[in-house]
Amino acid sequence: MAREKTIQVTVNGRAFEKTVSVRRSLADFIREDLHYTGTHLGCEHGVCGACTVSMNGRSVRSCLTLAVQADGAEITTIEGLRNEDGTRHPIQQAFLEGFALQCGYCTPGFLITAIEFLEENPDPTEAEVREALSGNLCRCSGYQAIVDAVMSMSGKPAPENA
Amino acid sequence: MADTRFVNQKMVGTSVVPDEAIPLVEGEGRFLNDIRLPGMYHAAFLRSQHAHARILSIDAGAARQMPGVIQVMTGKEMLGKVDPFESMPNRFSGGQSTQHWLAVEKVRFVGEAVCVVVAEDRAIAEDAIDLIEVEYDPLPAVTDPRLGEKDDAPLVHETCPNNYLIKRDYERGNVDEAFEKAHLVVKRAFSIGRKQALCLEGRGCVAAYRESAFTLTMWMSHQLPYVVRHYLAKHLRLGEHEVRVIAPHTGGGFGQKASIYPEEFVCAHLALGLRRPVKWVEDRLENMVASTHARDQQIELAAAVDDQGRILALDSNVWVDVGAYSTYLWSAGMEPLQTAGLMPGPYQIEALRYVTRGVATNKTPVGPYRAVGRPSASASLELLIDDAARRLDIDPVEMRLRNLIPGEKMPYRNANNLVHDNVNYVPCLKLTAAKAEYDKLRAEQAQASDNGKLRGIGVACFAELTGLGTSTAVGPGTLLQPGRDAVTLRLETTGVLTIAAALPSQGQRIMTAMTQVAADELGIKLSDITGLTNDTAMAPYGFGTFASRTAVFGSGAVIKAARELRRRILALAAHLMEVPETDLTIVDSVVQTVDRAKTMTLREMTDQSYFSAKHIPEDLNPGFEVTSFYDPKFGSFAAGAHTVVVDVDPQTGHVEIVRYVAAEDVGTIINPAVVEGQIIGGIAQGIGEALMEELVYDADGQPKTVTLADYTIPSALEIPTIELHHANTPSAALGGFKGCGEGSIIGAVGAVACAVADALNRNGGDITAFPATPERVLTGLGVLPTDS
Ligand code: FES
Ligand code: FES
């Protein structure tokens, strides 16, 4: 098997063509090769959810995904959430104003997960929010402010990805 | 931050949205792993797979030959070049440990660093690690403190007889007499497993040679930049002025990032030798074994109680499995001394006796983690109080009310010699009971449940000593006695106020708090205040962030510096505006006469001060930069009382938290939403500690919990909505502030433990070992045999 492969990906609206080692994770590719360091690694074994990015509209764990699997994909990371005029995405604003982050290390994963969830379920109950976020770990907040921030989006028009 | 406010609206007490969180929410935080310098090398560590073994030989030949490998270093090669971490011999047991940065002769726990490889990238460094051959001669491992303290046990350190890294006896008041005359003596065993702080971001560093004016610049994921600077200089034999330490954004600290560890120091040593930057980032598997663990205690506690339910004396025996080395800087004494010494908590205890031990074992060292010692001390005592209440047929809340230190007895000196003052123990308990409708809860509990679950109610009270000044010792054996921290306030030429302090935040929003305090003291708009923090080259001296101290110290220093800065502003403005100083005030960044007839913006004033200085008498223009140190001298007690309702499933052993009502006294609150986040975050960790989290070793010292799949922490599903209420009273510190970073975890462990025990008691069961996993719950109910 070839040790390297050339892939084409669109990340946060920008097209890239890069040759990557076949063993490089999508997380390392995004962080090290494309310099989008907003995606974080909390475990590198698929449990914490900090590395969650959106790939073709579905959230994936970039630590468990290989860069070569993203060939041809559209990816959005936390850096790509801003609106075109540079203002924050409504869910970013809700997290900020709702004190939904402390150290902020888990935040990128929660934002991406929450956006996908709200697109599918724009008017969720608290129990549904907790269930949807249960694959993302936060050690600081005790989740309450995060759940509240996501709930505060409920009923609002589905936020669109940049 | 909001720009407009009502006239005279105070910023202290307002939930100001923190500017410092903006980069984090926009994906532009700069965490350690995001730093990359030109020419940077990467380090990886070969770690011991043995709990206890002699190192016979290390063959790194193949690794050295690998393309891309720059350097391989062993402990032996570093000997004599740097100074290892030596603990002070314990003044009671004589026990002492020396930790080489890379193991020399012996390895003492699985995960101990043995060799380091520096390579062009991390993958090469890790591949090279696999090529190093180490020959070991395995030795018998010490894995149980009760066996390890026996005379014939193997020794982890030759310098540590009976493996006691620390042992201490203490007695105050007449304990024997109290037990003799007691109406009731209650006894209880309690144990709690090993914990991991589990910061979502592990440790890490970038060490660079000759960046700007410094010989060594360290970016480090750490809570105490100045303390790191002090020890780097000492151990690498540099001057402190040659070292700069910067703490970038940090993904959680909780005490785990308050200790000094070998890996970062090795990287610094290598960077100096290679004259190139060296980066190391701990991965999760490393973090689970190479970063400090916490707790791991066994307690035997007895109380003498009179017929009114008043506790006359406490007598405890404590064993802490402190792991292989005395954690550098804080020492192995932290957990054992604080657990036993702070056992009385918020209660009136006139007679206290304890024997406490920190027993060395072949496991990862135990270090500071949120609320060191107190969660177990508190939980064991709260469970014992419930036992006594049951035996005396007194309600558990009533029993606590009879024993708490009431306001009218303050200042009150407890048998552990701590003085309690300005703290609302009784109001907190009454508030949680009222808000939870405690009597109704008990009435409901008494009715047979129709869901087949066992309902339990737990109420726990706690005291948390915060913001310790110079007059309160941290504990014998600790190398550092913190006490004074400084803040610099500087008016820029634009009239903007810069606050500089080496008080890092891992999410506590310390800078936002200081900004709010400064806004009130100086009358400057929040949007005209900015902060510099975490960098020893930019901020004045401070000990950093730990022990619920930072907001107290930072805010106190801001208040002191602001008073002097305000004096200077008014003196110069009076001269420039040609009005008496006493007529002037500052509102929203404008100096104005009380009648507002004359005004001058701070920007105009500083502009003249800096750029038209020749027209101003020198003594009126001393500059607008003030540094003040603050030492609160004593600590301030914060407090709380938590009520927890659980449903225990007797079939599965699963514990569900049905309701959680907390009442807290955290002094004058600076930013309510931030404080709430601290309290709720602490409660969540406490729930994890009481119900789920445990690091497990086998009898040979092999860790069984090295991933997040094995060591499970709560998700949003396990944490209920927390109902939070306040019964605050100001402390004696400047501003009336108290710390609030740690206390709530104490209450959570105690209240959840009591609730589970209360539930089991309904079926005649009990539980003494925590976390209360389904297996232990079923054992406690007699469904599973005791030895399972
Ligand atoms: S880093 Fe990918 S799930 Fe934790
Ligand atoms: S804010 Fe720190 S882990 Fe979530």
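**Entry 1: strand β28 of chain B**

I looked up A460(B) in this predicted model and found that its bridge partner in β28(B) is H642(B). I then followed the two strands: β20(B), residues 454-466, runs antiparallel to β28(B), and 13 bridges join them.

I turned next to β29(B), residues 655-665, which pairs with β28(B) in the antiparallel sense over ten bridges. Here I noted V661(B) as the bridge partner of T643(B). Six residues lie between the strands of this hairpin, where G653(B) takes a positive phi near 80 degrees.

Why is β28(B) largely enclosed by the rest of the structure? I checked residues 636-648 and found 13 of the 13 buried, so the strand is largely enclosed. In a regular strand, side chains alternate between the two faces of the sheet. I recorded S636(B), H642(B) and V648(B) among those pointing one way, with F637(B), T643(B) and D647(B) among those pointing the other way; all are buried.

**Entry 2: chain A against chain B**

I looked up the contact between the chains and found 43 residues of chain A touching 57 of chain B. About 4000 Å² is buried between them, 57% of it on carbon and sulfur atoms. In chain A, F99(A), Q102(A) and R139(A) lose the most area to chain B, together 22% of what that side buries.

I noted six salt bridges between the chains. One of them joins R88(A) to E26(B), with the closest N and O atoms 2.7 Å apart. The residue pairs in polar contact number 24.

Technical notes: Residues numbered from 1 in each chain as written. Chains lettered and ligands numbered in written order. Predicted model: local features only at pLDDT ≥ 70, side-chain atom pairs only at ≥ 80, totals over all residues. Heavy atoms only, no water. Contact = heavy atoms within 4.5 Å. Buried area = accessible area lost by both parts, 1.4 Å probe. Salt bridge = Lys/Arg side-chain N within 4 Å of Asp/Glu carboxyl O. Polar contact = N/O pair within 3.5 Å; in protein donor to acceptor, adjacent residues only side chain to side chain. Buried < 20%, exposed > 50% of the residue type's maximum accessible area, 1.4 Å probe, protein only. Helix = DSSP H or I, 4+ residues; strand = E, 2+ residues; numbered from the N terminus. Pairing = 2+ DSSP bridges.
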